[in-house]
Amino acid sequence: MNNNIKALIKTTSYINGEWVASRKNTFTVYNPSNQSEVARVDDADESLVENAIIHAHAALSAWRSKTAQDRAKLLRVWYNLIIENQDALATIMTMEQGKPFKESRGEIIYGASFIEWFSEEARRIYGEIISPPSNDRRLLTLRQGIGVVGAITPWNFPNAMITRKAAPALAAGCTIVIKPASLTPLSALALAELSAQAGIPKGVFNVVTCSNSQMAGKLLTTHPLIRKFTFTGSTQIGKLLMSQTVSTVKKVSMELGGNAPFIVFEDADIEKAVKGLMIAKFRNAGQTCVCANRIFVHKDIYKEFTNRIVEEVKKLNLGDGMTDGVDIGPLISKDAVDSVDALVKKAIAQGAKVLLGGKLSPIGQNFYIPTVISDVNVDMDLSCSEQFGPILAFIPFESERQVIDWANDTIYGLASYFYTENYQRQWRVSEALDFGLVGINEGLISTVVAPFGGFKQSGIGREGSKHGIEDYLEYKYVCVGGLE
């Protein structure tokens, strides 16, 4: 391990610009590829989490009073440091999360793009002048940062899911307390170290590491000093956390689960669709909320398309993320593997057919062989659940109307994809799909310049784009009277 990586590996919470330990307990971060110990991280107790909130509140006034230009400059320095350290950050991510190094590096660049983008958006927080009802007064609105933000982020994208929240919060003039997933806290702490090097003031960016998610979640959702709560994770946990914010009427944004349809129409360019599906499904071993879960293929091309996919999946290399040439790393844990395997076995019992894979890999307990399953129907558990694994579940369809109805028949509404060369169908289907994101002839659709978020039980609010800063701002109406 080189010195640059060692300098970025921290093992205690970052509170008010200091590395703070509870001095009571620790939890271990393991490499999912081989179960080796990566680090022992301090397990923050309730007093430390509250301490972070108090310091974030104390820092709020000074940070919010800075000019947008001053905040933008500090964010830009932070961005530059992340880019300079992208290889070290990617290595840390692969060590604790397992994804291939090239994917980790891509996430670091993607995550940094949110800091760059919102450093620019900080200067575009505009108010407005309103035409008054009488000449003796003037009316205007101001837009100000909402206050202290509490955030809980997931393990599958341990860098980008933080920057996607912290960057707009800081740009708007908010301070933030982040509780990262206990499986992958090192990426969050490395970001904290670089924020300190960038000169971001004490108390503005805080990271608390703890294994007691229930305690941290309760405190971040109910504490009266926190004005906004944001979460990325499962729909089930999101509902619980959202219910807890009611007691203090917090502003909430949620990026929750998905069950993305991937539709291949009979007029699709099959080679483009094959390429798009491989990207949409196997990134991060299928452990993404936007990955293709239900693969609907028109009956006229069903056999041809599934055969092409089997050929491509056979080429994928499974292994340790730090090994050259590896395409897919491990799942995050043995529990994740067991969950995926249970879905596959249930589908087989319900009549589905495994064309490839369908079992654990002999190379390690957290590896699952990339799997292709045919003869799936819309009522199987495999179709109704968020899979979070390297499974391709193929469902044949007969008509456009049928497949739209099937695609929309889910509580989720995050991402969706479809392939067709018919431009009229492109408009019809994109407008009919009940999802926040629609990819047409494209399998990789996330970008900082476009709004990210879901319909239905996939979430509330949008991240990224010019809209991403809205959830961290409040409108203030000002009436100036007595002017005549």
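Let's start with helices H3 and H5. H3 covers residues 68-84 and H5 covers residues 101-121. Helices here are DSSP runs of H or I, at least four residues, numbered from the N terminus. The two pack at an angle of about 165°, with axes 8 Å apart. Axes are lines fitted to C-alpha atoms over the stretch in contact, and angles run from 0 to 180 degrees between N-to-C directions. So H3 and H5 are roughly antiparallel, a label for angles over 145.

A word on the source. This is a predicted model: local features need pLDDT of at least 70, side-chain atom pairs count only at pLDDT 80 or more, and totals for chains, interfaces and linings use all residues. Residues are numbered from 1 along each chain as its sequence is written, and side-chain values use heavy atoms, leaving out hydrogens and water.

Which residues meet? From H3, they include Trp-78 and Ile-82; from H5, they include Ile-108 and Phe-118. Contact means heavy atoms within 4.5 Å.

Next, the largest nonpolar core. How many residues does it hold? It has 64. Such a core is a set of buried Ala, Val, Leu, Ile, Met, Phe, Trp, Tyr and Cys residues, joined through side-chain atoms within 4.5 Å. Ile-309 is among those touching the most other members. Beyond four places in sequence, Ile-309 touches residues including Leu-277 and Phe-394. Another core, of 61 residues, lies apart, with Met-93 among them.

Last, Ser-187, in helix H7. Buried or exposed? Ser-187 is buried, because its relative accessibility is 4%. Buried means under 20% relative accessible area, with a 1.4 Å probe and protein chains only. Leaving aside neighbours within four places in sequence, Ser-187 contacts Ile-92, Met-93, Glu-96 and Pro-158.

Terms used. Buried means under 20% relative accessible area, exposed over 50%, partly exposed in between (1.4 Å probe, protein chains only). Angles under 35 degrees count as roughly parallel, over 145 as roughly antiparallel, 65 to 115 as roughly perpendicular and the rest as oblique.
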